[in-house]
Amino acid sequence: MHNRLPDELPTRRKSKGPKRGRKKWIAWVAGLGVVGALAVGTWWKLDPTHALNTSRVSALNKNFALGQQRVTILLLGNALSIINGKDVTNPYVRDRTDAMMLVSVDTKTGQVSVLSVPRDSLVDIPHVGYTKLNEANYFGGPKLAVQEVENMLHIPVDFYLETTMWNFADIINQIGGLTLYVPKPMHYGGTGNYLDINLNQGWQHLNGQQVLEFARFRHEPMGSIARSFQQQEIIRAIMHKLLEPQNLPKLPSIALELRKDIVYTNLHNNQLIALALVARHVSLSQVQFATIPGTPTERMDPFMHVRLDYWVDNTKWERLLADQMMGQPWTAQQKKSIHFVVRSGTDTLTQAQQVASWLEKQGYTVNEVIWSNRHNHQHNEIVNFTGDEQFAKSLALELGPASATIISNSPYHDVAHLDMIITIGQDFKPQFH
């Protein structure tokens, strides 16, 4: 296991951009990655020194046939240590990838899945030991980061895009800003510093700097993992903005602005152009989002010798989400491994038992049917610990109209055999038979 002190850190590759650092600038990967991977075809830098030399990637490079395969793209984002010539962090900070998202694109159907991979995931890196997933880029560049994600999910990663947030605010400004819902007041720091966050609650049209603030804010009960939801909201907003018919002609000029922010990629130009063609057929309402669930823990960091927070991924849901990303239906055994508790929020257990019976017929496991804490629930409620937003939405539609069910997504999977809690309310109008 390596145990380097700051003055022993190895020399890293140089780029045209500024040095990377500790500040967790993560939002840019949402917009830059999705736009680069899905919406534009332009002249990006091919990175032969970090090429993924697998038979699958070699085959894709020889015959990238539009409409005949599914491809996966890992989006990697670094932090910075110097901004506008000012040293704002430890100059010896590691070259971590503080944002990691895996995008799966079915080039035949246009179906897209986006999986947030927690940067704090506890992994065992060869010749390094147990540390955070975002350290992989420091020890072995994007190639090792790809390898670690493949080891976690047991699916191939075909391509990657690694970049920084250097021009993120300018990129957002170039597309006219984004309209986002700020769920709570977001305030951090004071005023006049680019690291400050000052956003009010409600729907707002945000400029580039404000979008960056929205993504950076993490004073939430869920802590850093909550940022994955904010990244996903930014993805939705950017895709909605750029894939509007009136904006499609502007994508090439936007791409030219984006290209300098790509540090490394193994995507060829023709492959990016092909993905751009696929983007025309993407239905935004069908883009699936998920976050690998797990539990937080503390461990002694082997390098800094202090206790740090880590994210222990739920291995069952790693497999389930990976299969879903690759378009593979869950097996009967996998469905049986998904556990529910069904509660009645009305004055009878009959409807809750009806839902439990239906779930069991679908192959899932129902632990118990119980009373809720009160009997006057107006709406159905789903508390989702799976990290799979689409799964929860599909179940909600079985309980009644879209407005009849409130969904709360939490990737904190603290109870081993409990994946979802469904509470039946007065709005229950079953759609199943």
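This note sets out numbered points on the sheet, the cores, the salt bridges and selected local contacts of a predicted model.

1. The open sheet. Six strands make up an open sheet with mixed pairing, in the order β13-β8-β1-β4-β5-β14. The edge positions are taken by β13 (262–265) and β14 (288–291); each has a single partner strand, so one side of each is left without a neighbour in the sheet. From one strand to the next the twist averages 20 degrees.

2. The partner of β13 is examined here in more detail. Strand β8 (residues 159–163) pairs with β13 in the antiparallel sense, over 3 bridges. Within this pairing, Y264 of β13 is the bridge partner of E162.

3. V114 in the sheet. Strand β5 (residues 112–116) contains V114. The residue is buried, its relative accessible area being 2%. Beyond residues up to four places away in sequence, V114 touches M101, L102, V103, I235, V287, Q288, F289 and A290. The C-alpha atoms of V114 and S104 are separated by 6.5 Å, although the two residues are 10 apart along the chain.

4. The nonpolar cores. The largest nonpolar core has 53 residues, of which L74, L153, F340, L359 and F391 touch the most other members. Helix α3 (residues 136–153) supplies the largest share of this core, 7 residues. Another core, of 21 residues, lies apart from it and has V103, V114, L243 and V287 among its members.

5. Contacts of L153. Leaving aside neighbours within four places in sequence, L153 is in contact with L102, L115, I292, E318, R319 and A322. One of these partners, R319, also forms a salt bridge, with D323, and is taken up again in point 8.

6. The R96–E135 salt bridge. The whole structure holds 8 salt bridges. In one of them R96 is joined to E135, with the closest N and O atoms 3.3 Å apart. Distant parts of the chain are linked by this pair: R96 lies in the loop between β3 (86–87) and β4 (97–106), whereas E135 lies in the loop between β7 (129–132) and α3, 39 residues apart. R96 is buried, at a relative accessible area of 10%. E135 also counts as buried, at 2% relative accessibility.

7. The E389–R236 salt bridge. A salt bridge brings together the side chains of E389 and R236, at 2.8 Å from N to O. Because E389 belongs to helix α12 (residues 389–399) and R236 to helix α6 (residues 227–242), the pair ties together parts that are 153 residues apart in sequence. The burial classes of the two residues are as follows: E389 is buried, with a relative accessible area of 10%, while R236 counts as partly exposed at 24% relative accessibility.

8. The side chains of R319 and D323 form a salt bridge with an N to O distance of 2.6 Å. Both residues lie in helix α9 (residues 315–325), where they are 4 residues apart, about one turn of the helix. R319 counts as partly exposed, at 28% relative accessibility, and D323 as buried, at 7%. Elsewhere, salt bridges that share partners join E233, R236 and E389 into one network.

9. Packing of α5 on α6. The axes of helix α5 (residues 208–216) and α6 are 8 Å apart, and the two helices pack at an angle of about 145 degrees. Residues V211, F214, A215 and R216 of α5 make the contact with R227, Q230, E233 and I234 of α6. Classified by type, the residues of this contact are 4 nonpolar, 1 polar and 3 charged. E233 also takes part in the salt-bridge network with R236 and E389.

10. Strands β6 and β7 run antiparallel and are joined by 4 bridges. I125 stands opposite G129 of β7. Strand β6 (residues 122–125) has V123 and I125 on a covered face, and L122 and D124 on an uncovered one. The hairpin has 3 residues between its strands, and H127 takes a positive phi near 65 degrees there.

Definitions and conventions. Residues numbered from 1 in each chain as written. Predicted model: local features only at pLDDT ≥ 70, side-chain atom pairs only at ≥ 80, totals over all residues. Heavy atoms only, no water. Pairing = 2+ DSSP bridges. Axes fitted to C-alpha atoms, helices over the stretch in contact; angles between N-to-C directions. Core = buried A, V, L, I, M, F, W, Y, C linked by side-chain atoms within 4.5 Å. Buried < 20%, exposed > 50% of the residue type's maximum accessible area, 1.4 Å probe, protein only. Contact = heavy atoms within 4.5 Å. Salt bridge = Lys/Arg side-chain N within 4 Å of Asp/Glu carboxyl O. Nonpolar A, V, L, I, M, F, W, Y, C, P; charged D, E, K, R; others polar.
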